[in-house]
Amino acid sequence: TFHTPAAEPLSLGSLTQDHVLECFPNPTAGTLFIGSVPSISADTRYTVVDAVGSVALQGTLGTSRNIDLSVLPDGVYQVLLDMDGADLRTSVVRTH
């Protein structure tokens, strides 16, 4: 007899730890500007993930608070900012 532990249910608390990130323009042909969030600093780290979950870009925002997506092929990407325990995230369309 096999016994498998029951999976813990997904709670709303675990969903609300991630917040929506506002970026513009979306869709973008290149430079993606990060919306105004008080806790974002020049050393905030970002990760851009493609549709299959691979990391496409990583870096630090810098004072300009933008990400250059022009090096990526057209597609849909997730942009995540590491905010010391709470991630800000959004979907972005890269197009020519």
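**View 1. The side chain of N26 reaches the backbone nitrogen of V93 at 2.9 Å.** That counts as a polar contact, meaning a pair of N or O atoms within 3.5 Å; within protein, one must be able to donate a hydrogen and the other to accept it, and residues adjacent in sequence count only if both atoms are side-chain atoms. The model here is predicted, so local features need pLDDT of at least 70 and side-chain atom pairs count only at pLDDT 80 or more, while totals for chains, interfaces and linings use all residues. Residues are numbered from 1 along each chain as its sequence is written, and side-chain values use heavy atoms, with hydrogens and water left out. N26's side chain also gets to the backbone oxygen of S91, again at 2.9 Å. Along the sequence N26 and V93 are 67 residues apart, yet their C-alpha atoms are 6.1 Å apart in space. Setting aside residues up to four places away in sequence, N26 touches S91, V92 and V93 (contact means heavy atoms within 4.5 Å). N26 has 38% relative accessibility, so it counts as partly exposed; buried means under 20% relative accessible area, exposed over 50%, and partly exposed in between, using a 1.4 Å probe and protein chains only.

**View 2. Two cis peptide bonds, F24 to P25 and N26 to P27.** Omega is about -10° for the bond joining F24 and P25, and about 15° for the one joining N26 and P27. P25 sits in the loop between β2 and β3, and P27 is in that loop too. Strands are DSSP runs of E, at least two residues long, and helices are runs of H or I, at least four, numbered from the N terminus.

**View 3. R94, buried in strand β8 (residues 86–94).** Its relative accessible area is 4%. The R94 side chain reaches the backbone oxygen of A29 at 3.1 Å, and one of its polar atoms lies 3.2 Å from the backbone oxygen of L72. Leaving aside neighbours within four places in sequence, the contacts of R94 include T28, L69, D74 and Y77.

**View 4. F24 and F33, a stacked ring pair.** A search of the whole structure turns up 1 aromatic pair. The ring centres of F24 and F33 are 5.8 Å apart and the planes are at 25°, so the pair is stacked. For the record, Phe, Tyr and Trp rings (the six-membered one for Trp) pair if their centres lie within 6.5 Å; planes under 30 degrees apart are stacked, over 60 edge-to-face, and the rest tilted. F24 is partly exposed at 48% relative accessible area, and F33 is partly exposed at 33%.

**View 5. An open sheet of 3 strands in the order β2-β3-β6.** The pairing is antiparallel. β2 and β6 (66–68) stand at the edges with a single partner strand each, so one side of each has no neighbour in the sheet. β3 and β6 are joined by 3 bridges; two strands pair if DSSP finds at least two bridges between them. L32 has I67 in β6 as its bridge partner.

**View 6. R65, a residue with a positive phi.** Phi is about 55° here, although R65 is not a glycine. R65 lies in the loop between β5 (55–60) and β6, and is partly exposed at 23% relative accessibility.
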